[in-house]
Amino acid sequence: MGDLQKLQDLISQAMAVIGDISFLSENQKRLEEILSKISTQELTLPLIGEFSSGKSSLVNSLLGKEVVAVDVLPTTFTVNEIYFSSDADRIEIYSDGKMVERIDELRKVDFKFDSGDILVKIYTTSDILPAGVKIVDLPGLSSTIERHNKVLVDYITKADAVLLVVDSNQATVTLTTKNFLEFTNLFKHEIYLVYTKSDLKSEFERAELFNYAATKMPVKPEKIIFTSAKENYLSEFIELINSINDRKADILFKNAVNDFRNICNVVVEIINNNINLSKLDVKEIEDELKKLNEQIDLLESELRNRINSFEDRLYNLNKETVRNFEERLQRYSGRLATIAFENPDSLENAFDNFVKTSIVEVLDSYSQKLNVEVGALSKEIQGIAESVDIGVTSTIKGRIQWITNIVLVLLVDILAPGGILQAVVYTLIGNFARKIGLLGNIIDRVIEPIKNLVTELVKRLTRSYVETKINEAIKEVVREFENILVNESRNIAERIKSEIYKEFEASKSEILNSIMVLQDQKRKKVDEFNAYLNSLKDKRDRIIEIIKELSF
């Protein structure tokens with residue numbers, strides 16, 4: 001395999017390596033241009049110089065007529081590409097990359113410079129210069145317009161050699177020109193110095209200019225020539241272009257190797273920068289994971305607080321109910337004492353009826369107030385979505401509301417006719433009904449001695465003594481009632497709490513599933529990121545290997 005074929009294969013390999021990396025698209029394009037240039041074997045020779053250095057006049061002299069504009073302002077922006085030994089004379093005008101006009105002759109072109117970036121391609125049948133050589137007349141140096149400088153740099157990167165045009169009437173090259181030479185030297189291009197307007201210079205003056213260029217310039221030119229558009233003195237320039245063209249194959253190959261190596265080095269640097277600067281952004285996922293965990297803790301805390309508050313209110317309701325029960329029985333104590341003296345045998349039935357009546361009354365009030373308290377619990381839980389608002393995304397807020405809705409559905413089940421609460425209240429009343437027998441035993445136990453006392457010692461006992469004994473019996477019944485009420489109230493609280501927590505645990509498991517999904521997403525993102533970095537490293541290492549193979 002020849003060197004040229006090997007170079008083309010290496011460029012194709014590099015293009016395949018970086019072809020799918022979006023941030024290397026410009027480098028990919030440059031590699032395509034190198035391959036195209038190798039294929040077409042076309043030399044690109046830009047004329048670089050200050051404004052009014054004579055570049056355009058030199059081009060017009062080569063064309064034999066005035067075609068390109070001269071003495072234009074530094075603010076104008078036109079690039080002229082001249083192709084010699086063409087099949088026909090024509091001019092193609094491009095504005096912002098699109099051909100806007102074609103002229104099938106060579107003549108001066110008038111167009112508006114403010115109509116965009118202008119590229120003029122001039123094809124001439126003149127064979128004063130060989131085919132396959134493109135002379136490019138570029139905007140002058142020292143431009144303050146950024147796009148001028150961008151085009152200059154772009155052509156320098158694509159140039160095969162640089163024709164530096166200097167007005168021979170200038171004693172020294174400008175600072176801008178010196179800076180340009182140093183910049184151009186970075187690309188290892190051959191630089192040729194073309195003095196213009198040299199028709200009035202003596203041999204001595206030319207020798208001084210030659211000596212200055214050879215010894216004082218920051219980059220030594222490959223060759224120094226003198227031209228004059230006015231006197232049509234172009235022989236040295238034509239000879240220079242022909243000599244460059246004679247070495248076309250070697251120049252193109254050398255430049256292609258250098259350009260390819262430079263691009264590969266840039267690619268390696270860009271990839272390294274991207275590897276070093278690449279950061280895995282999982283903050284959004286981590287934030288959502290954190291918020292979901294906070295959400296669970298806050299919901300649990302809020303539910304616990306609401307239920308604890310409900311239990312406190314239930315405790316107070318129990319105390320109030322027992323107090324009401326005792327007060328109702330106390331209101332019957334006088335009547336019971338009277339019955340004990342007047343009709344002792346009916347004392348037990350009377351006491352039993354008074355107890356049952358009081359139980360029904362206080363339990364009715366109790367159930368109504370219990371409904372109110374559970375309704376309050378319902379409203380408190382409805383407010384959890386607002387109280388647990390931790391300023392997170394609408395997605396998480398939606399999940400909080402979703403959990404709250406589940407709890408609210410539960411409370412509907414609790415409060416609705418035939419629901420949990422009604423079932424519990426019925427159970428409470430039923431338990432009291434079942435336990436009336438226990439109260440009956442208590443009544444028998446405390447009333448019988450009173451009956452006996454009333455029967456045997458009625459004349460010796462005072463009424464207050466009988467009432468005291470009746471009050472003792474009432475207190476014992478109240479203690480038993482309180483024990484039953486507290487036990488059943490505890491069952492109510494536990495039932496409600498159990499149902500709420502059961503539903504919460506179900507909704508909590510849904511959040512935990514969401515957390516697992518997010519964790520899986522995070523792991524997948526980490527894996528994809530690591531795979532991306534490893535892919536970049538592999539591509540970088542392959543480009544480094546290709547650079548090592550450029551041992552021509």
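**View 1. Phenylalanine 325 and what it touches.** Not counting residues up to four places away in sequence, phenylalanine 325 touches Val355, Ser358, Ile359, Val362, Val477, Val478 and Phe481, with contact meaning heavy atoms within 4.5 Å. This is a predicted model, where local features need pLDDT of at least 70 and side-chain atom pairs count only at pLDDT 80 or more, while totals for chains, interfaces and linings use all residues. Residue numbers start from 1 along each chain as its sequence is written, and side-chain values use heavy atoms, with hydrogens and water left out.

**View 2. Two nonpolar cores.** A nonpolar core here is a set of buried Ala, Val, Leu, Ile, Met, Phe, Trp, Tyr and Cys residues joined through side-chain atoms within 4.5 Å; buried means under 20% relative accessible area, exposed over 50%, and partly exposed in between, using a 1.4 Å probe and protein chains only. The largest one has 40 residues, and Phe325 and Leu370 have the most contacts inside it. Helix 9 (283-331), helix 10 (333-342), helix 11 (347-382) and helix 15 (463-548) are the elements that give it two or more residues. Apart from it lies another core, of 36 residues, including Leu43, Leu129, Ile225 and Ile241. As a rule, nonpolar side chains in soluble globular proteins tend to be buried together.

View 3. The open sheet runs in the order 4-3-5-2-6-1-7-8-9, with mixed pairing. Strand 4 (98-103) and strand 9 (223-226) are the edge strands, each pairing on one side only. From one strand to the next, the twist averages 20 degrees. Strands (E, at least two residues) and helices (H or I, at least four) are DSSP runs numbered from the N terminus, and two strands pair if DSSP finds at least two bridges between them.

**View 4. Strand 5 and its partners.** Strand 3 (residues 90-95) and strand 5 (residues 118-123) run antiparallel, joined by six bridges. Isoleucine 91 has isoleucine 122 as its bridge partner in strand 5, and serine 95 stands opposite isoleucine 118. Strand 2 pairs with strand 5 over six bridges too, but in the parallel sense; there, valine 79 has leucine 119 as its bridge partner. Five of the six residues of strand 5 are buried, so the strand is largely enclosed by the rest of the structure.

View 5. Axes are lines fitted to C-alpha atoms, for helices over the stretch in contact, and angles run from 0 to 180 degrees between N-to-C directions.

**View 6. Helix 1, one face in.** Leu7, Leu10, Ile11, Ala14, Met15, Val17 and Ile18 are buried in helix 1. Seen down the helix axis, the buried residues fall within an arc of 160 degrees, so they line one face of the helix; the arc is that of the directions from the axis to the C-beta atoms. At 1.5 Å a residue, the 16 residues of helix 1 (residues 3-18) should span 22 Å, and the end C-alpha atoms are 23 Å apart, which agrees. That expected span is 1.5 Å times one less than the number of residues.

**View 7. Helix 2 and the residue after it.** Among the buried residues of helix 2 are Asn27, Arg30, Leu31 and Lys37. Glutamine 41 follows helix 2, with a positive phi near 55 degrees.
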